[in-house]
Amino acid sequence: MKTIGSILLLTALCLHLPAVSAKRPEKKQAVDAGLEIICKQTVEAHLTFLASDALEGREAGKRGGRVAAEYIQAELKKLGIKPFSDAYIQPFEAYSPAREKQVDFQVNRDSIAGYRQLPAYRKLSLQNVVGYIEGERKDEYTVIGAHYDHLGVDDLLVGDRIYNGADDNAASVAALLEIARAFAVNGEKPLRSIIFTFWDGEEVNYLGSEYFVENFGNTAAINAYINLDMISRDGLMPVLYPEFIIPEATAGNTATGNQFHLLYTEPLTEAGERLQQDIRNYQLNIEPKPAVIDSRSRGSDYLAFSLRGVPILWFFTGLHPDYHTPGDETGRIDWEKLIRITKATYLSLRLLANGK
Ligand SMILES: [Zn+2]
């Protein structure tokens, strides 16, 4: 692990760019400026800090998770990205019956009311972090998100006891902060407003995204949700529906080298094809393995959106042997792949936020 001292130095080298600009450059210039700004040093600095032992596996409701949220908030502020409502931090609570498994934690109002009638119940205090760039059509939205929580520390583990969650999902948080920076400096006001979301409680039961969507109100005003979860290794595509199943690895379901899984629900088929064209045009040197997924598929934070009819797009490099083990560490990140996927995600967010 790198020390915090070197992280601060790298951040200083990369973050000398201006905040959101009022003037609107030509389209092509804006795209190029955004792509050029996406920089390995910044992404590496974010990731190395978030996945360091000091953050204790960023467990939902624990100290390390709260430090991660504070860090994300401070970075958004530094970039000049505004909060979506009156604050960056969106606090919420999840409840479960006593002595039940974590998966029974719920944020839904009716479930909470029921649990609170029980003689004993458990409560988790959590927080999403949410940033915002206003679009020309202020009340229409494109949402992009990545969960920042992971599995914490397990005292019963023999050897390394910290689940650092570098690929799952510090890499995506680092990428999303870098994409926010690209939008902040490209000087272009998008057609739709963009909401940058950093979810808590994904590893528990997709809690942060569920809470946000349930309380958002008008999901019909969201034209797409882009999900980033595990985007920096080689790995295999699980079966998502009806159950989350890990099959045998085959050449057909594994993304290796410059390949990644590009997943979308049916309404985004055309956007997915357009994105593949953009990846070729901009010579990003990555190869999407596209697949249309069912909107009821369990797998990550997109579920709260897709179940309510919001089209979704998911960037994913697949499951690997270090998935949900203490071996998911910064030293195993494929930096080139992560940067290329960050650029492809920037292009897709631009495409969806500006699409007619
Ligand atoms: Zn994840």
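Biologist: Which residues of helix α8 are buried?
Modeller: In α8, residues 207-216, the buried ones are L207, G208, S209, F212, V213 and F216. Keep in mind that this is a predicted model.
Biologist: Why would residues a few places apart in a helix point the same way?
Modeller: An α-helix has 3.6 residues a turn, so residues three or four places apart point the same way.
Biologist: Switching to strands. Is strand β5 largely enclosed or open?
Modeller: Enclosed. Eight of the eight residues of β5, residues 192-199, are buried, so the rest of the structure largely encloses this strand.
Biologist: Which way does β3 run against β5, parallel or antiparallel?
Modeller: Antiparallel. Strand β3 covers residues 121-133, and five bridges join it to β5. Y132 has I195 of β5 as its bridge partner.
Biologist: How many bridges pair β4 with β5?
Modeller: Eight, and that pairing is parallel. Strand β4 spans residues 137-147. Within the pairing, T142 stands opposite I194 of β5.
Biologist: What does the chain pass through between β4 and β5?
Modeller: Helix α6, residues 166-186. This β-α-β crossover is right-handed.
Biologist: Let's stay with α6. Is N169 buried or exposed?
Modeller: N169 lies in α6. This residue is buried, with a relative accessible area of 0%.
Biologist: What is N169 in contact with, leaving aside its neighbours within four places in sequence?
Modeller: R58, A146, H147, L228, D229 and M230.
Biologist: How far is the C-alpha atom of N169 from that of L47?
Modeller: The two C-alpha atoms are separated by 9.0 Å. Along the chain, N169 and L47 are 122 residues apart.
Biologist: New topic. How many residues of β9 are buried?
Modeller: Six of six, so to speak: strand β9, residues 259-264, is mostly covered.
Biologist: Which of its residues point which way?
Modeller: Q259, H261 and L263 point one way from β9. F260, L262 and Y264 point the other way. All of them are buried.
Biologist: How many bridges join β9 to β10?
Modeller: Six, and the two strands run parallel. Strand β10 is residues 287-292. F260 has P288 of β10 as its bridge partner.
Biologist: Which helix does the chain cross through from β9 to β10?
Modeller: Helix α9, residues 269-281. That β-α-β crossover is right-handed.
Biologist: And how does β11 run against β9, parallel or antiparallel?
Modeller: Antiparallel, with four bridges joining β9 to β11, residues 312-316. L262 stands opposite F315 of β11.
Biologist: How many of the lining residues are nonpolar, polar and charged?
Modeller: The lining of the second largest pocket divides into 11 nonpolar, five polar and six charged residues.

How values were computed: Residues are numbered from 1 along each chain as its sequence is written. This is a predicted model: local features need pLDDT of at least 70, side-chain atom pairs count only at pLDDT 80 or more; totals for chains, interfaces and linings use all residues. Side-chain values use heavy atoms; hydrogens and water are left out. Buried means under 20% relative accessible area, exposed over 50%, partly exposed in between (1.4 Å probe, protein chains only). Two strands pair if DSSP finds at least two bridges between them. A crossover is right-handed if, with the strands pointing away from the viewer, the path from the first strand over the helix to the second runs clockwise. Ala, Val, Leu, Ile, Met, Phe, Trp, Tyr, Cys and Pro count as nonpolar, Asp, Glu, Lys and Arg as charged, and the others, Gly among them, as polar. Contact means heavy atoms within 4.5 Å.
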